[in-house]
Amino acid sequence: MVKIQMQRKSGDYGFELQDEAGHLLQTDSSAESGGKDFGFRPMQLLLAALGSCSAIDVVSILKKQRQLITNFEMIIEGEREPDVIPSLWKNINMHFLLGGDLDEEKVLKACRLSIDKYCSVAETLRRAGTSIEWQLTVNNIIVTGTKTITR
């Protein structure tokens with residue numbers, strides 16, 4: 001079982017979270033909701049979790065294939081459902097940007113496997129009805145257009 005401890009640290013909504021290993025994370029509400037920009041908003045954490053989960057998959061797959069990654073970046077953008085509470089993620093777009101001594105087909109396959117099969121966060125979001133699109137750029141060359149995954 002995973003255990004996270006929370007303690008309020010800033011204003012009404014600024015919390016610090018700590019896991020069992022002592023890693024710290026700060027969260028807050030938006031300024032419109034009374035927050036003070038103390039940390040990530042909870043829904044932003046879902047985007048960060050998606051990117052982190054997928055990046056771990058991709059790096060792990062490519063390491064097993066002896067691919068040399070010298071640069072790994074990702075841009076993640078999301079759009080939430082308008083005018084409803086709770087407001088879920090409606091659409092998410094991920095752009096993988098990798099550099100190094102890489103076979104483009106292997107990188108493409110690693111990204112596809114992550115999003116379609118291995119990433120638990122992606123599957124959690126899909127089950128909530130989120131559409132996930134992604135693109136891949138390897139060594140500044142666009143390898144894919146958009147791949148849409150919906151449940």
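**Chatting through a predicted fold**

Biologist: Let's start with D83: buried or exposed?

Modeller: D83 is exposed, because its relative accessibility is 82%. Keep in mind that we're looking at a predicted model.

Biologist: Thanks! And where is D83 found?

Modeller: D83 lies in the loop that links β4 and β5. Its phi is near 60°, which is a positive value for a residue other than glycine.

Biologist: What about P86, where is its place?

Modeller: P86 is also in the loop between β4 (68-80) and β5. The peptide bond leading from I85 into P86 is cis, and its omega is near 0°.

Biologist: Let's zoom out. How many helices and strands come up in the secondary structure?

Modeller: There are three helices and eight strands in the protein. Going along the sequence, they follow the pattern β-β-β-α-β-β-α-α-β-β-β.

Biologist: And what does the C-alpha trace span along its principal axes?

Modeller: About 50 × 35 × 30 Å. Of the 151 residues, 32% are buried. The protein exposes about 9600 Å², and 50% of that area is supplied by carbon and sulfur atoms.

Biologist: What share of the contacts join residues at least 24 apart?

Modeller: That share is 47%, counted among contacts between residues at least 6 apart in sequence.

Biologist: Before I get too attached to it, what is the mean pLDDT?

Modeller: The mean is 94, and 95% of the residues are at 70 or more. Where pLDDT is low, the predicted coordinates should not be read in detail.

Biologist: Pick M94, then. What is in contact with it, leaving aside neighbours within four places in sequence?

Modeller: Quite a list! The partners of M94 include L50, G51 and S54, then M74, I75 and I76, as well as I115. I132, E133, W134 and Q135 are also in contact with M94.

Biologist: Let's move to L97. Which strand is it found in?

Modeller: L97 is in β5, which covers residues 89-101. L97 counts as partly exposed because its relative accessibility is 23%.

Biologist: What joins the side chains of T137 and H95?

Modeller: A polar contact of 2.7 Å joins them. Besides H95, T137 is in contact with F96, L97, L98, I142 and V143, again leaving aside neighbours within four places in sequence.

Biologist: One more residue: where is the place of N139?

Modeller: N139 is in the loop between β6 and β7 (141-142). Its phi is near 50°, another positive value in a residue other than glycine. At 37% relative accessibility, N139 is partly exposed.

Biologist: How many Å apart are L97 and N139 in space?

Modeller: From C-alpha to C-alpha they are 7.7 Å apart, although 42 residues separate them in sequence.

Biologist: Last topic, cysteines. How many disulfides does the count come to?

Modeller: The count comes to zero. For C111, the nearest cysteine sulfur is that of C119, 11 Å away. A disulfide needs the two sulfur atoms within 2.5 Å, so C111 is in none.

Biologist: Is C111 buried or exposed?

Modeller: C111 is buried, because its relative accessibility is 0%. C53 is buried too, because its relative accessible area is 18% and the cut-off for buried is under 20%.

Biologist: Great, thanks for the tour!

How values were computed. Residues are numbered from 1 along each chain as its sequence is written. This is a predicted model: local features need pLDDT of at least 70, side-chain atom pairs count only at pLDDT 80 or more; totals for chains, interfaces and linings use all residues. Side-chain values use heavy atoms; hydrogens and water are left out. Buried means under 20% relative accessible area, exposed over 50%, partly exposed in between (1.4 Å probe, protein chains only). Helices (H or I, at least four residues) and strands (E, at least two) are DSSP runs, numbered from the N terminus. pLDDT is the predictor's confidence in each residue, from 0 to 100. A polar contact is a pair of N or O atoms within 3.5 Å; within protein, one must be able to donate a hydrogen and the other to accept it, and residues adjacent in sequence count only if both atoms are side-chain atoms. Contact means heavy atoms within 4.5 Å. Accessible areas come from the Shrake-Rupley method with a 1.4 Å probe; for residues, only the protein chains shown count as cover.
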